[in-house]
Structure formats: C-alpha cells, structure tokens
Amino acid sequence: MKRVVITGQGAISALGSSAAANMEGMREGRLGISSLEFQDVERLSIAIGGQIKGYDPEAHFSRQEITLYDKFTQFALLAAQEAMDHSGLELTEELSAQAGVVLGTAGGGLQTQDENYRSVYEAGKNRVHPFVVPRLMNNAAASHVSMTHNLQGPAFTVATACASSNHAMGQAYALVRSGMSKVMLTGGSESMLCFGGIKAWEGLRVMSKDGCRPFSVNRNGMVQGEGAAIFVFEEYEHACARGAAILAEVIGFAMTSDASDIVMPNKHGAKRAMTGALQDAGISGDAVGYINAHGTGTTANDRTECAAVREVFGAHADELMISSTKSMHGHLIGGTGAVELLACIMAVRDGIVPPTISYEGIDPDCDLDVVPNVSRETKVDVAISNAFAFGGLNAVLAIRAV
Amino acid sequence: MSASVKDQMIAIIAEQAVIDPSEVKDEATLEDLGIDSLGLVEAVFAIEETFDIQVPFNANDPAQSEFDITNVASMIRAVEGLVAAGKH
C-alpha cells in the first residue's frame, strides 16, 4: 500500500476565490451567506445562500469555452488550475498516463438545464443551443479538467448527493494508495443556486429562510452554497522525490449505507462510517482532534451526528472539537466535502480550527465542543471530515499532519 | 364550504395513509395513520395545491411549526382557518 499525500489545493466559494482566501474566511469566521441574486428569485420563499458574488466568467474563460462550460465546470476548472499551480507538478507524457481526476457533483450542469427548460417551456422556443448535452452532463467538469491538464488515467464523476465530494476523494485516495495512479486531482463542484435548483429544495421544506446555525438550539434548516474545491492527491515517494510541499497525508477512508430511509439520517450508518475511517487509518478515536461535521443545520442531522460522535469516541467526544463550516460557506451539496477538507487541512497543518458561526445557544442534543463563533489555535494531529448524504450514503475521510 | 374543506382534507390524508376516507378519524395522529415525515411533506404539498394556500410548516421541526399536526381534527381546523383567511 502506498502512502497518499495532498500536495496542492484550489477553491472558490462564497468565502473567496482561492484556497487561501477560503481558509482565511474560515479562520476569521466570516459569513459568506447573503441575499440570492438570479432570475425569478422573487418567486422563491428561500432568498439566501452562499452565492459567489461578482463572479464574471469572461474574466477567466473565452466565449468559446463558456459555450461549453456550465458554471459547475467553470468552478471546477478554476479550482483545478489553482491546485495544479500550487502543487508545482509538471505532467510529463509518462506521468499523464498515471494521472487522473475524480470529482463529485450532485446537480451537474443544473444551470444549463434550468436555462434551457426555461427557454423551451416558458419562452416556447423550439431550438436549443447545440452544446446543451455536453454542458449539462455530470462528468463535464471531470472531463474538462482532464483535457485542460492532460490527465489520461482514470477520470470519472461520483454522484452521491451531499457526500459526492467525500466519495470522490475516497476513490482518488484508493487509486493512489493501490498504485493504480501516481497523481489524482480530486474534490468536487456544485452550482445549484438557480431558480429550479432552489425551488426543488424549497419543496422539501428543510431550508432555512434566515440562516445556517448548525448545532444551535434555534437552528431551523440548511442554507445552500456554491463553488468548488480541488486537491492534488499524490503518491508520497513521488511527492518527496520532486521536493513537493506536503499539506497533509490522507490516512483513512470509509463509506457506508444506512439502507434505511431516503432522507432521514441514521445514527448507525454515520457511526459505522466514522469507525471505519479510524480502522482504515489504523488509529484510535483518541487521536482525532478535530471533526469537520456534516452539520447541515437541520434538526435531524445535527442531533443524529452528535449522537453518533458520542458513540464512536466515548469520553474523548468531550475532548475533541467539532465544527460545521457550512455556517460560513453554506451547503455546497456535491461540492461540500471538498471545501470542508480545507478546514481539516488548516487544522492539521496550521493548528487553526475553524468555528461554527451563527451559534446562538446550546442544544442539549448537541452538547459537544462545536467551536462556537470564534476559531481556535491549537495543535491537531488528525482530523476527519464527515459527509452523510440523502439516500443514506455516508463517507468519512481522515487526514493527518505530515 | 367548511364541510367541503373537511372532506377534501380527509381525502388527502386517506390517500397518504392508503386507507379508505371513512377510516380517517378526527382524533387519529399521523403515527396512528402510518404517515411518516416524507408522507407529511407530501400531504402539505397536496393541501397547498388543493386550497391554493401557504401552510406554515417546517419539516425540520414539525412540532415547532405554526401548523398544528396533533391529529386529523387539528390539521383540518388549521386548514379551514387558512382557507377562510385566504377569502378576505
């Protein structure tokens, strides 16, 4: 088994348009959630989200590229470019064949679907742009990242709702660990902040109208975000040989299925995923200093997640820190685990644990150290990142300082 | 009018519970009827579509919503109120 390290990172979200800006936002405990701005927003009862404001596609891409890139692809390409630049990796023809990309997304090219359904149904047009299909397909982002960076090895997209990114990074980890690939770009992207995207969520009635307050006694639902984060996962010896700066080591991964309910979270599935990641990493729960929670801000998730953490970690649950950065960047759905891995890297590399902001009071069902409102400086050896998706699909990743 | 709201409500609840409308009793709770959280969200949607009203219901914490889901009678009363308010 090969060791797997992270040697590059890139991101864009409501907290900023680079990995460093996102980490800075998390450290400051900045609120990225604001009023949504897009066509027909006045017909929605949910009017807030972690939207990337002032985003101009033409500042980054040519007209021809934009005709092929849905926003979720654009976000992925921006994050991937940053991650590649950050890693300092040069892909020779030989290395290209051993390099790939696995990305997570839930909605894929949802903006493209929304615009084109509007055009044929509402505007009554009978013709759509010829590139609707290559723009909207879920693998478009992974494919364009592979083309831009000449990644000729394994390339695919994972769609497991809110756990997509964690599942994707778990696959990338397995590919490098097994020796199938030397280098994998991995993470996820999402761009669901459009009329149809939010209208669908509104129907489920789990969205908050006034803010994302994970673990807080007065939490009343989730708030969506958008963006992407992408990392370079590299085989350890390869990274050392080229003198790469290592951000963290990926040491364990596990995935489980609740096999119980399509939307309600299940303590046992979450518990088995966390326990599995610890076992895979060969560490005891006591080694974990920080958990980046799934922490959606819904009543059911946060209560279930805290109960699962108590059962997995026992007395150590009162020693570790657990925070939900969704309070700042919103829930990026299929891209969320990727942005949240930044929080884990910041914890193990920089010793800065991001807070759960907008925290307004203790819920007895969530009585863990949720790092309320203000980030904390402390040494963290191991951090885990939780993702528990609709459909009962759970994925937990563990990383360690190097 | 009020009777008609009641009949339509019972029809919506019966459909979710997959039982005959005659079996929907006033004092029955959602649990008695075997309607889970997803069934309730679907029922609220059917109520809003049928009566063209907005039901103040948050699936995160149904007990904290203004929409009283204690039992069949309380839900019918709440919807009658919302329908009446909508007529003004």
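Me: Hi! How many bridges join β13(A) to strand β14 of chain A, and do they run parallel or antiparallel?
Reply: Hello! In this predicted model, eight bridges join β13(A) to β14, which covers residues 393–400 of chain A, and the two run antiparallel.

Me: Nice. Which residue in β14(A) is the bridge partner of A:I384?
Reply: That would be A:A398.

Me: And what do β13(A) and β14(A) form, with how many residues between them?
Reply: They form a hairpin with three residues between them. In the turn you'll find A:G391, with a positive phi of about 95°.

Me: What about strand β9 of chain A, how is it joined to β13(A)?
Reply: Strand β9, residues 288–292, is joined to β13(A) by four bridges, and these two strands run parallel. For instance, A:V288 has A:V382 of β13(A) as its bridge partner.

Me: Is β13(A) mostly covered or mostly open?
Reply: Mostly covered: eight of its eight residues, 382–389, are buried.

Me: Which residues sit on each side of β13(A)?
Reply: A:V382, A:I384, A:N386 and A:F388 are on one side, with A:A383, A:S385, A:A387 and A:A389 on the other. Both faces are covered. As for the pattern, side chains in a regular strand alternate between the two faces of the sheet.

Me: New topic! How many helices and strands does chain A have?
Reply: Chain A has 14 helices and 14 strands.

Me: Why does chain A agree with a compact globule?
Reply: Because a compact globule of 402 residues would have a radius of gyration near 21 Å, and chain A has 20 Å.

Me: Last one: what share of chain A is buried?
Reply: Buried residues make up 59% of its 402 residues.

Conventions
Residues numbered from 1 in each chain as written. Chains lettered and ligands numbered in written order. Predicted model: local features only at pLDDT ≥ 70, side-chain atom pairs only at ≥ 80, totals over all residues. Rg over C-alpha atoms; globule rule 2.2 N^0.38 Å. Buried ≥ 20, exposed ≤ 12 C-beta atoms within 10 Å, placed from the backbone. Pairing = 2+ DSSP bridges.
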